[in-house]
Amino acid sequence: MSKPKHPRTLAETEAMAVLRNVRVSPQKLNVVAGLIRNKKASQAVADLTFSKRRIAQQVRKTLESAIANAENNHQLDVDRLVVSHAEVGKSIVMRRFHARGRGRASRIEKWFSHLRIVVSEQAQDSGAA
């Protein structure tokens with residue numbers, strides 16, 4: 001007596017990977033996610049490898065996980081994968097205080113984010129150039 005199987009939300013030609021509760025603000029993560037949107041998977045990995053942003057290495061690992069999921073779980077062709085979605089969402093906010101002069105305090109907010117990367121298999125090009 002188990003629950004019925006949850007229906008798949010993605011198409012048959014798509015695979016995804018999720019990175020949750022990463023310690024970076026959603027704004028900063030969205031800048032890096034914008035670098036890889038609508039690019040070929042191999043080009044996106046290369047761009048993230050040589051990016052100077054700190055969070056780029058974690059985004060690269062998540063993208064490589066999505067590529068591995070596509071290859072191993074869904075038998076998709078790695079050479080035809082494209083990053084179709086790179087969605088950034090808010091997570092928790094840790095609130096801390098910073099002591100200020102004259103007995104006052106100011107708030108420090110430490111933002112966390114979620115990242116969802118979906119790769120999809122592009123249709124085979126019929127025209128050979």
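**Sheet, helix and a few side chains**

Me: What is the strand order in the open sheet, and which pairing does it have?
Reply: The order is S1-S3-S2, three strands with antiparallel pairing. Strands are DSSP runs of E with at least two residues, helices are runs of H or I with at least four, and both are numbered from the N terminus. Two strands pair if DSSP finds at least two bridges between them.

Me: Which are the edge strands?
Reply: Strand S1 (14–22) and strand S2 (81–99), each of which pairs on one side only. On average, neighbouring strands of this sheet are turned by 10 degrees against each other, direction ignored. Axes here are lines fitted to C-alpha atoms, for helices over the stretch in contact, and angles run from 0 to 180 degrees between N-to-C directions.

Me: Where does helix H3 pack?
Reply: Helix H3 (residues 56–72) packs on the sheet and touches S1, S2 and S3. Its direction makes about 150 degrees with that of S1. Contact means heavy atoms within 4.5 Å.

Me: Before going on, where does the model come from?
Reply: This is a predicted model, in which local features need pLDDT of at least 70 and side-chain atom pairs count only at pLDDT 80 or more, while totals for chains, interfaces and linings use all residues. Residues are numbered from 1 along each chain as its sequence is written, and side-chain values use heavy atoms, with hydrogens and water left out.

Me: Back to pairing. How many bridges do S1 and S3 have?
Reply: Seven, in the antiparallel sense, with S3 covering residues 105–121. Ala17 stands opposite Ile117 in S3, and Met16 has Val118 as its bridge partner there.

Me: And how many for S2 and S3?
Reply: 16 bridges, also antiparallel. Among them, Lys90 is partnered with Ser113 and Ala99 with Ala105.

Me: What is in the hairpin of S2 and S3?
Reply: Five residues lie between the strands, and Arg102 takes a positive phi near 60 degrees.

Me: Ser91 next. Buried or exposed?
Reply: Ser91 is in strand S2 and counts as buried because its relative accessibility is 17%. Buried means under 20% relative accessible area, exposed over 50%, and partly exposed in between (1.4 Å probe, protein chains only).

Me: What does the side chain of Ser91 make a polar contact with?
Reply: The side chain of Asn21, at 2.5 Å. A polar contact is a pair of N or O atoms within 3.5 Å; within protein, one must be able to donate a hydrogen and the other to accept it, and residues adjacent in sequence count only if both atoms are side-chain atoms. Leaving aside neighbours within four places in sequence, Ser91 is in contact with Asn21, Phe112, Ser113 and His114.

Me: Is Arg107 buried or exposed?
Reply: Exposed, because its relative accessibility is 59%. Arg107 lies in strand S3, and beyond neighbours within four places in sequence it is in contact with Arg95 and Arg96.
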